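Work through the exercises below with the model open beside you. Try each task before reading its solution.

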Amino acid sequence: IKEGQRASEEWKQAWWSYCDANGQGQYDPAVYPTNFLQQFVDTHSHIDLSNPAAATPLPGTFPAVAPAAPGPTGNLVAKIKDGQRASPEWKQAWWEYCDAYGQGKKDPAVHPAEFLQHFIATHSYLDPSNPAAATALPGPLPAVAPAAPGAAGDHQSLVAQVKQVQRSSPQGKESWANWCIQYGEGKRDPTHHDASFLQQFLAMNGLTTPGVVGMGMQPQMLMQ
């Protein structure tokens, strides 16, 4: 992690954001347990310079949304920048969105209007200019069928499945991040949540247990 910070500004920024969200803002990796560090490495391998594929990162494909109304891109750029100044949650969500879909480029001015519009449309619950956003987080979990009672091993299995979702696709990573921001007080580490919280995430996203199937992913993709 320290080598990554020295070699890559993107890696450094991602580490800081991860620590702010999950580690009480302490940036020294030496103060964290192995599983905390491993989680960061696993979910940010796309900018790890020790990974040959990281030299040419490819943006993810974001879902289609209704096209933006005609107007200057500058308005969208200003909205993104204003949101970053007003809300740490909005800023962190923007950084993660850019890492997943925009080749790590954090300046909204370098992205096309549809890229900005998609971020705004899919993160309206964090929009500081939206009056409803002030009371949107954390929200009550949607009702789903409760998880069957089980032992600690079941919780570990759910944790492993959520981590696999994050590693399997940028969409899976973004879905988990949004779920935690909206319902889990921004805590991204699945080990910090109980089995019911993890089960509801998997169920609401069309995933099943045991095994993770859904979100457009097939079992054989997750086993690679």
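## Exercise 1: An aromatic pair

Start with burial: Tyr 97 and Phe 115 are both buried. The model is a predicted one.

**Task.** Classify the ring pair of Tyr 97 and Phe 115, and say which helices it ties together.

**Solution.** 
1. Count the aromatic pairs. There are 21.
2. Take the geometry of this one. The ring centres of Tyr 97 and Phe 115 are 4.8 Å apart, within the 6.5 Å cut-off.
3. Compare the planes. They meet at 55°, so the pair is tilted. Stacked would need under 30 degrees, and edge-to-face over 60.
4. Tyr 97 belongs to helix H5 (residues 88-101) and Phe 115 to helix H6 (residues 113-122), so the contact ties together parts 18 residues apart in sequence.

**Task.** Which residues do ring pairs link into a cluster?

**Solution.** The cluster consists of Trp 11, Trp 15, Tyr 18, Tyr 32, Phe 36 and Phe 40.

## Exercise 2: The second largest pocket

**Task.** Describe the volume and lining of the second largest pocket.

**Solution.** 
1. Give the volume. It is about 300 Å³.
2. Count the lining. It has 14 residues. Those nearest the pocket centre are Asp 20, Ala 21, Pro 88, Glu 89 and Gln 92.
3. Assign helices. H2 (9-22) and H5 each supply at least two lining residues. H5 gives the most, with five.
4. Sort by class. Six lining residues are nonpolar, three are polar and five are charged.

## Exercise 3: A loop residue

**Task.** Is Gln 103 buried, partly exposed or exposed? Where does Gln 103 lie?

**Solution.** 
1. Locate the residue. Gln 103 sits in the loop between H5 and H6.
2. Read its relative accessibility, which is 34%. Buried means under 20%, and exposed means over 50%. Gln 103 therefore counts as partly exposed.

## Exercise 4: Cysteines

**Solution.** 
1. Recall the bond. A disulfide joins the sulfur atoms of two cysteines covalently.
2. Check burial. Cys 98 has a relative accessible area of 0%, so it is buried. Cys 180 is buried too, at 0%.

Technical notes: Residues numbered from 1 in each chain as written. Predicted model: local features only at pLDDT ≥ 70, side-chain atom pairs only at ≥ 80, totals over all residues. Heavy atoms only, no water. Phe/Tyr/Trp six-rings, centres within 6.5 Å; stacked < 30°, edge-to-face > 60°. Helix = DSSP H or I, 4+ residues; strand = E, 2+ residues; numbered from the N terminus. Buried < 20%, exposed > 50% of the residue type's maximum accessible area, 1.4 Å probe, protein only. 1 Å grid on protein atoms, 1.4 Å probe; cavity = no way out; pocket = protein on both sides within 12 Å on 5 of 7 lines; lining within 4 Å. Points joined across faces, edges and corners; volume = space filled by probe spheres on them. Nonpolar A, V, L, I, M, F, W, Y, C, P; charged D, E, K, R; others polar.
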